[in-house]
Amino acid sequence: MKLIGPFAQIITMDKLPLKGSINDNMLHIIYDGGIIIDNEKIEALGSYDELYTQAKNNKAIIEHIEGQQIVLPGFIDAHTHICWAGSRINDYAQRLEGKTYVEIAKQGGGIWSTVHSTREADLITLEEITARHANQMLRDGITTIEVKSGYGLTVNDELKMLRAINNAKTKAQLIPTCLAAHICPKDFNGSANEYLNMLVEKLLPQVKTEKLAKRIDIFVDDAAFGIDEARTYLQKARGLGFDLLVHGDQFSTGGGKLAVENEALSADHLEVSDEETIQDLARSNTVAVALPGASIGLGLPFAPARKLLNAGACVAIASDWNPGSAPMGHLLAQASIIGAYEKLNIAETLAAITARAAMALKLNHCGILKIGYTADIAAFSTNDYREIIYRQGKLSPSAVWKRGIRIEI
Ligand SMILES: [Zn+2]
């Protein structure tokens, strides 16, 4: 057992509704607080002075915090592609010269070039790359990270990616997702529909047998998979017991609605979602995941996060860190920036990378500082939590604890 503190403010993110607009006054804040951790979990939260007496009586370790610091739950990034090899600097440079994402993809750049490099890389290399990215995120206060496959696009290469994600040596918690339905690979001998059928017959059963992922994702777009073929894939994957996610409404509409129709855990992107889709998402339990990193990387408008919240949707914000469209990989900066453009208040922005991001991942042990929850915690040197968003990502954590263990940063 150990006590950490004192903290000027503990922002618990507890007792907030998971859907719709909220405001800063609704945040539950413990002033001059401490946290008792036992066996990786939060045992008590409250006044530091009172917990100090309790800790002393129990001969607990006291991890004394110097100076003015505030703490929040460790952040959760609900959508990343951090397992990749190669670089897409050329794509980026071409986009800056005026070529579109779709044009570059059609010319053999885009996702396909990352597929090529990732297929060439061996398992150990991919494990190391994934761990390096995850550890960088951990230093930014992100203690839980969703990671997608989707750059292999053959049975063996997708399995290699998922094994690399599962094996990556990092203290961050990685949540693997099978995104073999990222695009139909150029070298597949058959139609997009036949490719998806092949995944259902050959890949997904193996993913299940090896317990490599519980979630599948599909990119629904004019440049990837159509609505009808995606619907069939989603239904078959559900039949095999997978949770469903959809990359939708990034360039063309239909994916967001399809996600709701199939009770997907989340619909991610949504930059071009129409009013009807926003209302559908608001009525559903599908989390709307905004990916500002892709908007910044591509120089395109943000997802309509304000409208989604006003309508009553659950909105999470994730980095979409990938080598092509979202190369920055800095969740806090991106969440702060979409907050400024979309007029999200600080509570909404913080909830989108903690408690509401946990909902997108169907996790009920993190994203909130609460008794019984995992002690995933990020501390910042300030006496006002609002400074974290005000500094737009420039204020980095002073300390991070994963399962109660302080990470070297
Ligand atoms: Zn993505």
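The model is predicted: local features need pLDDT of at least 70, side-chain atom pairs count only at pLDDT 80 or more, and totals for chains, interfaces and linings use all residues. Residues are numbered from 1 along each chain as its sequence is written. Eight strands form an open sheet with parallel pairing. Helices H5 and H6 cross at roughly 50 degrees, whereas H7 and H8 pack at about 10 degrees.

**Confidence**

- The mean pLDDT of the chain is 97, and 100% of the residues score at least 70. pLDDT is the predictor's confidence in each residue, from 0 to 100.
- Elements are DSSP runs numbered from the N terminus: helices are H or I with at least four residues, strands are E with at least two.

**The parallel sheet**

- The strand order is S6-S7-S8-S9-S10-S11-S12-S13. Two strands pair if DSSP finds at least two bridges between them.
- Strands S6 (75–77) and S13 (315–317) stand at the edges; each has a single partner strand, so one side of each is left without a neighbour in the sheet.
- On average, neighbouring strands of this sheet are turned by 25 degrees against each other, direction ignored.
- Three bridges join S6 and strand S7 (residues 142–148) in the parallel sense. Ile76 stands opposite Thr144 in S7.

**The antiparallel strands**

- Strand S1 (residues 2–11) pairs with strand S2 (residues 29–38) over seven bridges, in the antiparallel sense. Here Gln9 stands opposite Tyr31 in S2.
- S2 also pairs with strand S3 (residues 41–47), again antiparallel, over six bridges. Ile36 has Ala44 in S3 as its bridge partner.
- The hairpin of S2 and S3 has two residues between the strands, and Asn39 in this hairpin takes a positive phi near 50 degrees.

**Backbone details**

- Gly5 and Pro6 are joined by a cis peptide bond, with omega about 0 degrees. Pro6 is in strand S1.
- Asp32 has a phi near 50 degrees, a positive value in a residue other than glycine. Asp32 lies in strand S2.

**H5 against H6**

- The axes of H5 (residues 123–139) and H6 (residues 155–167) come within 8 Å and cross at roughly 50 degrees. Axes are lines fitted to C-alpha atoms, for helices over the stretch in contact; angles run from 0 to 180 degrees between N-to-C directions.
- That angle makes H5 oblique to H6. Angles under 35 degrees count as roughly parallel, over 145 as roughly antiparallel, 65 to 115 as roughly perpendicular and the rest as oblique.
- The crossing of H5 and H6 is right-handed. In a right-handed crossing the near helix is turned clockwise from the far one by less than a right angle; anticlockwise is left-handed.
- From H5, Leu123, Leu126, Glu127 and Thr130 meet Lys160, Met161, Arg163, Ala164, Ile165 and Asn167 in H6. Contact requires C-beta atoms, placed from the backbone, within 7 Å.
- The residues of this contact are five nonpolar, two polar and three charged. Ala, Val, Leu, Ile, Met, Phe, Trp, Tyr, Cys and Pro count as nonpolar, Asp, Glu, Lys and Arg as charged, and the others, Gly among them, as polar.

**H6 against H7**

- The axes of H6 and H7 come within 10 Å and cross at roughly 25 degrees. That makes H6 roughly parallel to H7.
- H6 passes H7 in a right-handed crossing.
- H6 contributes Val155, Glu158, Leu159 and Leu162 to the contact, and H7 contributes Lys202, Leu203, Gln206 and Val207. Five of these residues are nonpolar, one is polar and two are charged.

**H7 against H8**

- H7 (residues 192–209) and H8 (residues 227–239) have axes 10 Å apart, at an angle of about 10 degrees. The two helices are therefore roughly parallel to each other.
- Ala192, Asn193, Leu196, Val200 and Leu204 in H7 meet Glu229, Tyr233, Lys236 and Ala237 in H8. This contact has six nonpolar, one polar and two charged residues.

Notes
Contact = placed C-beta atoms within 7 Å.
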